[in-house]
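Work through the following exercises with the coordinates open, and try each task before reading its solution.

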Amino acid sequence: MAIVKAKEPKKHKKQTLGMKIMTIVLSVISVFYVAPVFFVLMNSFKSNAGISRGVFELPNAETFQGFQSYITGMFFGDFPFWQTILCSFFITVFGVALILVCTSMCAWYLMRSNSIICKIIYYFCIFSMVVPFQMVMFTLAKTADTLKLTNPVGILVVYLGFGAGLAVFMFSGFVKSIPIEIEEAANVDGAGPLRTFFGIVLPIMKPTFISVGILETMWIWNDYLLPYLILDKTYYKTIPIHIQYLNGSYGHTDTSAIMALIVLSIVPIIIFYFACQKYIIEGVVAGAVKG
Amino acid sequence: MFKKRNRLFFLIFVLPTFAAFIIGFIYPFFSGIYLSFCKFRTVSNAQFIGIDNYIKAFQNEGFLQSFWFTCVFVVLSVVLINLIAFAVAYILTLGIRGSNVFRTVFFMPNLIGGIILGYIWQQIFNGILQKYSTNLALNETYGFWGLIILMCWQQAGYMMIIYIAGFQSVPHDLYEAARIDGASKSQILTKVTIPMMAPSITICTFLTLTNSFKLFDQNLALTNGLPGVVGAGGTTIYKTEMIALNIYKTFYANQNSRGIGQAEAVIFFVIVVVIALAQLYFTRKREVQQ
Amino acid sequence: MKSTTLKRLAALGLAGLMTAGALAGCSDNSAAPDSDAAKTGDASKGSVYYLNFKPEQDKAWKALAKKYTKETGIDVKVETAAEGTYESTLTAAMDKDDAPTLFQVNGPVGLANWKDYCMDLSDSDVLKQLTNDEFALKDGDATYGIAYVIETYGIIYNKTILQKYFDSDFASVKSIEELNNFDQLKKVADEIQENKDALGVKGAFTSAGMDSSSDWRFKTHLANMPIYYEYKEDGISSTDAIKGTYLDNYKKIWDLYITDSTCAKTDLASKTGTDAETEFIDGDAVFFQNGTWEYGALTKGGLKDKDLGMLPIYIGVEGEEDQGLCTGSENYWCVNNEASDDDKAATLDFINWCVTSDTGTAALADDMGFVIPFKKAKEATNKLVKCDAEMVDAGKTPVTWNFTTMPSEDWKNGVGTALTQYAAGKGDWDAVVKAFVDGWATEYAKANG
């Protein structure tokens, strides 16, 4: 199984002409890659009239309005954006934490037990990975509502349930590769399952924890339809819901404010990305190879 | 490790996940299948009516249109994304200057959600199209290519990462051996690298396949199905609507069409399962060969 | 012979009586428990959940809800659906256990969809407050909805600029009184468009934006005109198949809007409601099709009462010199029949308070700019409402709101898309006609099938 080495061996090969050309070509493409982000940043400082006049024009004295859109979008209105960010943060952080703890325990048990029930649960988990969300969309929303899971705490349960498939699958794949002798040795030493799991298995699983954590974070943070259908939107909105709500012509479309809020919602992601780039890329590879 | 009678630890280890799994998946899934055979507004007033919904789903022009649109989109996006990702990954593993920076930049769009990406690109495309006096909502060709560009921009980086890992896992001695045997560069690529990359290619193909097939957020935010064209009988058919969005709209636009929407969702599910089984088949075959 | 006839008659009569009795029994069974239940419900234990239709008034409703909670301690939650998504939002919300207790339907078509969820309001206090029975939405003997706002739309014009035009030498129409049919309107618009630089405007009409924040002005409100005249001609108030008699007139006015406009026809697809509003406020255009609800935004933008006037929408129908503005309601309050008795009682108390208390009526009139059809209504300060009153006083016949009989949201979207394509030159007018006429029959069958 392939895992990207954290740091590729830094031997600077001699750069041939072809390689130099490639560097230049890729640099140009890179500029196009980051351009949309600057496009949003630039427009967030312009007034609505300025955006309407031309989206590619740089802000000038007439159209520049500084941080006004940020301030109005962030703190004013019926649903200030800081509440949305808080809500998104809460759901993502606790949702991922819950998934990691519960599914890793579950996967370990499922792999170490031979009962039929465990086999059935395991195969259901794998099966759930292929089911498109539209299939359960309506009934899931209805179930969540009946059980009063329409708040940021309740939705964690839904995320645990719907996200269990991939997580259990990935953890199981790793547990299979842990030699059972280690655990048996611990068992002989008198450690119960709980101590064995938290003392021995969990530390070994650290790389998988990171992989699963990254994949689930990317999913939950950006998820739109599930929270849209489940959350009580009078009180709670996540970032994608908020943006779509504004875009969906809520009375009047304030393009400038939308741009500002997009900038605000991208900033945490970029910081997160630069802080954990190595893990993110490893996580993606590990997830892909197993999924 | 665990004996069958060990109930307590089953409760501690498995039950939380299992209970959530029933709420979040098992129950909604089975009641969803049941409801596809019913006429209903809410779950409580469902009436069993047999396969009527399925017949209506296959007669639904909008659904069929979205199905073909999705198929064309999937084929093109899978080919393009993989070609681009493979090529970039190949170049980046040659050891050119700035490889790490490029890798970082190309992967970045994956972290931004579909709704936000869709909105950003809508503004960009409309800004460009405005100069030519047109708009995404006016011509399905623009909407189609817009979606393709958006998906390439977002997904190529992800696949690139997987391809890079694939390239790095090819043992160096193989290249050495080929070189000693006098193989040319293109021969090494086609006879050594690509066969050794087969696992990565399979993975990436299926990842892009399922991602494109299930696409929803980007579709909603970028075109929302527009433009619409008046079809036979005066019903408006939305030209850039993909299956997932069509099902969603069928479901929530009209209370009377819920059963049809659920039936369409089941059809959609079956298609996705067929794709997944195909993947399983290819993976197995590959493992046997090795 | 005679006796058999008698017997038959008697039997018939008996059967008739029995049927009537059974019917009465039925209606008793269905209606009575509900209203009783609402009366037995304890409002102080209930709460109100209002799914509001009007995004423009979202803030004002939330503020009013807060005041009510402060005054009575009863919780009132207000949620507003984004423009054009009320039906789907309501559908999703009604699936929930905590469903809205107060929602609205747009008229008979909406009621047909939601009747199962509507409580009979016949015995409610708020119904007695209505100034006119025609504002109650009835089905048989039962009243399921109560109109809470009467609105008017037409072509809002900038008085100052229009006067400048009347005073100029290129004007062939010299006063507002002469501007009383489509030909005159076209003459004025064309001349303004030709001399836009002299008048300092960018076009006669604001951009007829077809973005979803603005397309309802044309796919719904403007489309009311041909429907109104067809219904009037045929003497009907709704139909399962529209003939499209006046669609040529619809084309005429639409052509005028998109030709004498502030922007190129091809730009309309992405123009928003905010764009049009900004153009009008900035004095870039003279005409702006919109309604009384727009008053708040216009005055906030800096326009004064003396700048504002409203014209009827002329589409070139004979005798339209006497046509007035379009006045009606597409906003009928309904109380959720499936809510608990306590919540029903609380909801009824809340709406009654809204239309009777000083705080409530003041908020509706001043903050929301509504004209409400209730006895204790406070007079609106809205200049555009006054325009309507003047028209009625002058003997003009108001155009009724027949767009409430449009078969579905999908129908409106279909017409809207076709209009967009036509405006951009990508589609022909036939597509609009097809979506209008054929689409009506199809959608009607779907919604009622």
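Domain bounds, as used below, come from an automatic or database domain assignment. The structure is a predicted model.

**Exercise 1.** Determine how chain B is divided into domains, and what distance separates the domain centres.

Solution. Begin with the bounds: domain 1 of chain B covers 16-50, while domain 2 covers 54-289. Next, take the centres over C-alpha atoms, which puts domain 1 of chain B and domain 2 of chain B 30 Å apart.

**Exercise 2.** Describe the side of domain 1 of chain B that touches domain 2 of chain B, in terms of its residues and the elements that supply them.

Solution. Counting contacts first, 8 residues of domain 1 of chain B meet 7 residues of domain 2 of chain B. On the domain 1 side, at least two residues each are supplied by α2 (15-35) and β1 (38-39) of chain B, and the largest share, 3 residues, comes from α2(B).

**Exercise 3.** Characterise the contact between chain B and chain A from the side of chain B.

Solution. The contact involves 73 residues of chain B and 70 residues of chain A. On the side of chain B, α2(B) gives the largest share, with 15 residues. The residues of that side comprise 54 nonpolar, 15 polar and 4 charged.

**Exercise 4.** Locate Lys131(B) and decide whether it is buried or exposed.

Solution. Lys131(B) lies in helix α6 of chain B, which runs over residues 114-131. A residue is exposed if 12 or fewer other C-beta atoms lie within 10 Å of its own; Lys131(B) has 9 C-beta neighbours inside 10 Å and therefore counts as exposed. As a distance check, Lys131(B) and Phe73(B) are 58 residues apart in sequence and 26 Å apart in space, C-alpha to C-alpha.

**Exercise 5.** Judge how compact chain C is.

Solution. Chain C has 18 helices and 12 strands. Its radius of gyration is 24 Å, close to the 22 Å that the globule rule gives for 449 residues, so chain C is as compact as a globular protein of that length. Buried residues make up 54% of the 449 residues in chain C, and the C-alpha trace spans about 85 × 70 × 40 Å along its principal axes.

Note on methods. Residues numbered from 1 in each chain as written. Chains lettered and ligands numbered in written order. Predicted model: local features only at pLDDT ≥ 70, side-chain atom pairs only at ≥ 80, totals over all residues. Contact = placed C-beta atoms within 7 Å. Helix = DSSP H or I, 4+ residues; strand = E, 2+ residues; numbered from the N terminus. Buried ≥ 20, exposed ≤ 12 C-beta atoms within 10 Å, placed from the backbone. Nonpolar A, V, L, I, M, F, W, Y, C, P; charged D, E, K, R; others polar. Rg over C-alpha atoms; globule rule 2.2 N^0.38 Å.
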